[in-house]
Amino acid sequence: MAGLLAVTAPDRAPAQAKKIVYWTHWEQNPEFNKWYETKGKEFAKKSGYEVEVVTIPYQGYEAKYLAALVGKSGAPDFFNGIVHQWCGQYDFCDKMPADLEKTWSENLPKYMLPVGQFKGATYGIPIEHGNFQQMYIDVELFKKAGLNPDKPPKTLDEWLAAMKKLSVYDAKGEPTQVGFALRHKGHPVGITDKFLPFAHAFGARMLSPGLDRATGFANGPEMVAALHFYGDLVTKDKVASLAFGNPEETFGQKRAGVIFRESWYFGWLKKNAPDVAFKVYALPCAKACPGAGNLFPWSNLVYKNSPHKQVVWDFLRFISNAKDDLEQHQLQGILPVWTVNLETPYVKGRPDYASTREMLAQPVPPNYYHPKSNELATAFGEAVVGVLYGKGQPKPSLDEAAARMDRILKD
Amino acid sequence: MADLPQAGGLLRGAGARSVPLARWLTAALVAAGALTVIFPFVWIALTSLKTPPEIQRVPLQLAPDHWGNLENYREVFRRAPFSRFLLNSALLATVSAMSSLVVSALAGYGFAKFRFPGHSVFFFAIIGILMVPFQSVVVPLYLWVSRLGLLDTYLGILAPDLVSVFGVFLMRQAIEAVPDDYIAAARIDGCGEWGIFWRVILPAVTPALATLAIIKFMWTWNEFFWPLVVVNSPSMKTVTMGLIGFTNMYFIEYNLVTAAAVLSVLPILLIFVILQKWVVQAAVMTGLKG
């Protein structure tokens, strides 16, 4: 047994190799992650430190991060995480040096400025652009429904009319093809995330601007109207169906004419549903435009108890430039972060170029970067699910959710 | 009276017909149950032979377009050192099962056949550990393993799995059923305590040992959370970590996850086929269900 244990011992790096360790749960982006190691070799020539990337499965990554960061042992020197969670709810992050903060604040699109910040202090370097929903349409289904795929609906009223034309029903009146692939299953946080563009289009917001109150916002008249509209898509207008599975697959199976999803989705479509001809547009507006916003602001954070934190900041400084930003994101086929890179040939050649531009030009929607954002979005999402499944009416469901959210904020 | 034999004949006839009918019904129910259990495995195996667009196709179809399409299996091994994951899991599950057998058999023997001060208290304290959710002890356990320098090592992964509380309970129940007269007879014949344990007790509880071996092997094989917490190196990952690697924050790669699932189920199936005779015996003997 000892022999077997010895034979199967893990591959260890030579003892003399100095490394800074990076943890990430972005398994979907292996080339993006590997780039840190490649760049680390270049960095090692002047610092003596290479970069080791540890990719952690998304399912359960929080538990692993927490155990290591609390234990201060076997922990990463820097990691991919959400600022308000790891720096706000927990106090694990080192503040960004002023020069680096200046570099990033001057080079990010405006909606991304708060991504690396918590309570006015800057901790994280945003790494994901395009993490906001856009409208994907199925060109063939649009044409079949007598709609022009080059003239997408611009307002929610136009959009609803288009969804009705795209929906096809059987003899019993149940949809066999829907206008909109709606997310109705899974974690309530995901449900909230998918509903928020509608809420923001109605001029609603989930929390007060100071992020200290839900009542009056999560259950405000705009939010109630938005949830009425959203629930009606399933129950009254029947342009979305609970009988269909997850929305990505429904759209990929040509059973829905429209889906709202982030920029990663067209890569999935090309691989899983190559015969779907699609176009990407900005989300429709109502009282307001949904704009570029997200619930999951991923950024690179430096562990404050790392013995190598200065080396890590040096490394991050080393890669904080437009050229590296473009190179790293292009390798993986995702949108770069720096504003200047949004007009490069690579980005201009992407199917989401025009829609990204349009959405970035819209006013920045509210953000909910609160340490308890997961709990808050869970409470809110449960109300949305209840309405979609006909278990409650929008107003009382949102009243209950707002009260719960206030208790969470108070605790 | 003349009708009686006819009536009896009718009854007998009905009985004669009802017996095969009952058998057919039972067989049909068992077959339906078996199909229900087997179908997901068949579906997984067939899906592992499909391309992503085939999987997404509507209406869903059971059979793959090309039965010989093993590209997903190749991709699983290309994407990650999956054979290494299988080896790691096999090693960890084997050591964990063996260690649990030794400790559980000894402890079970002690609790079943010896009376000592605090006997019941100790036993229920051990059983009480079953009630503690593992998640609640992860951080202290992590700190302990980390301070011993066992992070990212086989011993670190094995630490919570070397002893099985369930095993202690199972073996105590099994050994209690061994008649005390056998032990007394062995003692009279001059057998020492080790001799009794080795020559009398263990042979009498072979089915329970086999059951524990397969259950513990399966539990360790399927374990995900603890290895996730203590493992960093790709070469130390287990099968479950490899499997979950095909599910990311945005989507599931069904073609790859099913291929990996087929690979990960095969060793468990093999172990079960080898030990199934004893497992059934033990299930009957100990009243285990499910």
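This is a predicted model: local features need pLDDT of at least 70, side-chain atom pairs count only at pLDDT 80 or more; totals for chains, interfaces and linings use all residues.
**View 1. The interface of chain A and chain B.** In this view, 42 residues of chain A are in contact with 40 residues of chain B. Together the two chains bury about 3400 Å², and 62% of that area is on carbon and sulfur atoms. Across the interface, 11 residue pairs are in polar contact, with both residues at pLDDT 80 or more. On the side of chain A that touches chain B, at least two residues each come from α1 (2-7), β2 (49-55), α3 and α11 (265-272) of chain A. The element that gives the most to this side is α3(A), with 7 residues. By class, the side of chain A that touches chain B has 21 nonpolar, 13 polar and 8 charged residues.

**View 2. The salt bridge between chain A and chain B.** The count between chain A and chain B is 1 salt bridge. Its partners are A:Lys271 and B:Glu253, whose closest N and O atoms are 3.1 Å apart. Side chains of opposite charge can pair when their charged atoms come close.

**View 3. A salt bridge between two helices of chain A.** Over all chains the count comes to 33 salt bridges. One of them joins A:Asp324 to A:Lys39, with the closest N and O atoms 3.0 Å apart. A:Asp324 belongs to helix α13 of chain A and A:Lys39 to helix α2 of chain A, so this pair ties together parts that are 285 residues apart in sequence.

**View 4. The second largest pocket.** This pocket has a volume of about 1000 Å³. Its lining consists of 36 residues, and those nearest the centre are A:Tyr58, A:Arg183, A:His187, B:Met249 and B:Tyr250. The elements that give two or more residues to the lining are α3 (61-71), α8 (188-201) and α10 (247-252) of chain A. The largest share, 4 residues, comes from α8(A). Sorted by class, the pocket lining holds 14 nonpolar, 13 polar and 9 charged residues.

**View 5. The largest cavity.** The structure holds 8 cavities of 30 Å³ or more. The largest cavity has a volume of about 160 Å³. It is lined by 17 residues, and A:Leu196, A:Pro197, A:His200, A:Gly293 and A:Asn294 lie nearest its centre. The lining of the largest cavity divides into 9 nonpolar, 6 polar and 2 charged residues.

**View 6. The second largest cavity.** About 130 Å³ of space lies in this cavity. A:Trp104, A:Ile125, A:Ile127, A:Ile319 and A:Gln328 are the closest to its centre among the 17 residues that line the second largest cavity. Two or more lining residues come from each of α2 (30-47), β6 (125-126) and α13 (322-332) of chain A. Of the elements, α13(A) gives the most to this lining, with 4 residues. The lining of the second largest cavity is made up of 10 nonpolar, 5 polar and 2 charged residues.

**View 7. A cis peptide bond in chain B.** B:Val58 and B:Pro59 are joined by a cis peptide bond, with omega about 0 degrees. B:Pro59 is found in the loop between α2 (52-56) and α3 (71-79) of chain B.

**View 8. A positive phi in chain A.** A:Lys72 has a phi near 55 degrees, which is a positive value in a residue other than glycine. The residue A:Lys72 sits in the loop between α3 and β3 (78-82) of chain A. Most residues other than glycine have a negative phi, and most peptide bonds are trans.

Note on methods. Residues are numbered from 1 along each chain as its sequence is written. Chains are lettered from A and ligands numbered from 1 in the order in which they are written. Side-chain values use heavy atoms; hydrogens and water are left out. On a 1 Å grid over the protein atoms alone, a cavity is a set of points where a 1.4 Å probe fits but cannot get out, and a pocket is an open set with protein on both sides within 12 Å along at least five of seven lines; lining residues have an atom within 4 Å of a point. Grid points are joined across faces, edges and corners, and a volume is the space filled by probe spheres set on the points. Ala, Val, Leu, Ile, Met, Phe, Trp, Tyr, Cys and Pro count as nonpolar, Asp, Glu, Lys and Arg as charged, and the others, Gly among them, as polar. Contact means heavy atoms within 4.5 Å. Buried area is the accessible area (1.4 Å probe) that two parts lose on being put together, summed over both. A salt bridge is a side-chain nitrogen of Lys or Arg within 4 Å of a carboxyl oxygen of Asp or Glu. A polar contact is a pair of N or O atoms within 3.5 Å; within protein, one must be able to donate a hydrogen and the other to accept it, and residues adjacent in sequence count only if both atoms are side-chain atoms.
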